[in-house]
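Thanks for sending this one over.

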Amino acid sequence: MPTLTSHSEAPHSDPFTFTTDLSLPDSTTDATLSTTDKSAYLARLRAAVSDHQARVNEALTARMEADKIRDPSSAPSATTEPTSNKNKKRKKNNGTDTPTTKTAIADEDAEEQNYGEEVVDEDDEV
């Protein structure tokens with residue numbers, strides 16, 4: 001039986017592994033499966049992957065919370081400035097931008113966390 005497995009290790013946390021069994025369609029060849037059978041199989045597969053992802057996300061969130069407790073300085077401060085001001089807090093360092101304050105570092109962390117997602121900045125409205 002095929003399985004979906006996720007494993008994570010971090011320096012200050014216990015490793016975890018999640019395994020989800022994936023059932024195969026009732027028939028062994030796609031040519032003999034009806035559309036209903038294929039749809040049912042894909043629905044089961046989607047549910048298994050979603051459940052697996054939820055368990056991984058829960059474990060990673062718990063790990064992040066434990067990291068924040070262990071090292072409070074790594075958590076973003078409550079007094080962060082809007083992202084539109086972050087360029088004012090940078091200085092040039094050998095041709096590369098370097099954050100100069102904890103706020104700028106927190107802004108960079110937020111950017112990294114939202115990488116690949118569209119984040120609408122209220123200051124950018126037309």
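1. A definition to start with: the expected span of a helix is 1.5 Å times one less than its number of residues. Helices (H or I, at least four residues) and strands (E, at least two) are DSSP runs, numbered from the N terminus. H1 has 36 residues, and from first C-alpha to last it reaches 52 Å, close to the 52 Å expected at 1.5 Å a residue.

2. A word on the ground rules. This is a predicted model, in which local features need pLDDT of at least 70 and side-chain atom pairs count only at pLDDT 80 or more, while totals for chains, interfaces and linings use all residues. Residues are numbered from 1 along each chain as its sequence is written, and side-chain values use heavy atoms, with hydrogens and water left out.

3. Now the strands. E1 and E2 pair in the antiparallel sense over seven bridges; two strands pair if DSSP finds at least two bridges between them. Together E1 and E2 form a hairpin with two residues between them. Alanine 10 has serine 13 of E2 as its bridge partner.

4. Which residues of H1 are buried? They are Tyr41, Ala48, His52, Val56 and Arg63, where buried means under 20% relative accessible area, exposed over 50%, and partly exposed in between (1.4 Å probe, protein chains only). These buried residues pack against strand E1 (3-10) and strand E2 (13-21).

5. Take a look at valine 56, which lies in helix H1 (residues 35-70). Its relative accessible area is 13%, so valine 56 is buried. Not counting residues up to four places away in sequence, valine 56 touches Ser6, Phe16 and Phe18; contact means heavy atoms within 4.5 Å. Valine 56 and serine 6 are 50 residues apart in sequence, yet 7.5 Å apart in space, C-alpha to C-alpha.

6. The structure holds one aromatic pair. The ring centres of phenylalanine 16 and phenylalanine 18 are 5.1 Å apart and the planes are at 50°, so the pair is tilted. For reference, rings of Phe, Tyr and Trp (its six-membered ring) pair if their centres lie within 6.5 Å; planes under 30 degrees apart count as stacked, over 60 as edge-to-face and the rest as tilted. Both phenylalanine 16 and phenylalanine 18 are buried.

7. Finally, serine 8, found in strand E1. With 16% relative accessibility, serine 8 counts as buried. Leaving aside neighbours within four places in sequence, serine 8 is in contact with Pro15, Phe16, Leu60 and Arg63. The side chains of serine 8 and arginine 63 are joined by a polar contact of 2.7 Å. A polar contact is a pair of N or O atoms within 3.5 Å; within protein, one must be able to donate a hydrogen and the other to accept it, and residues adjacent in sequence count only if both atoms are side-chain atoms.
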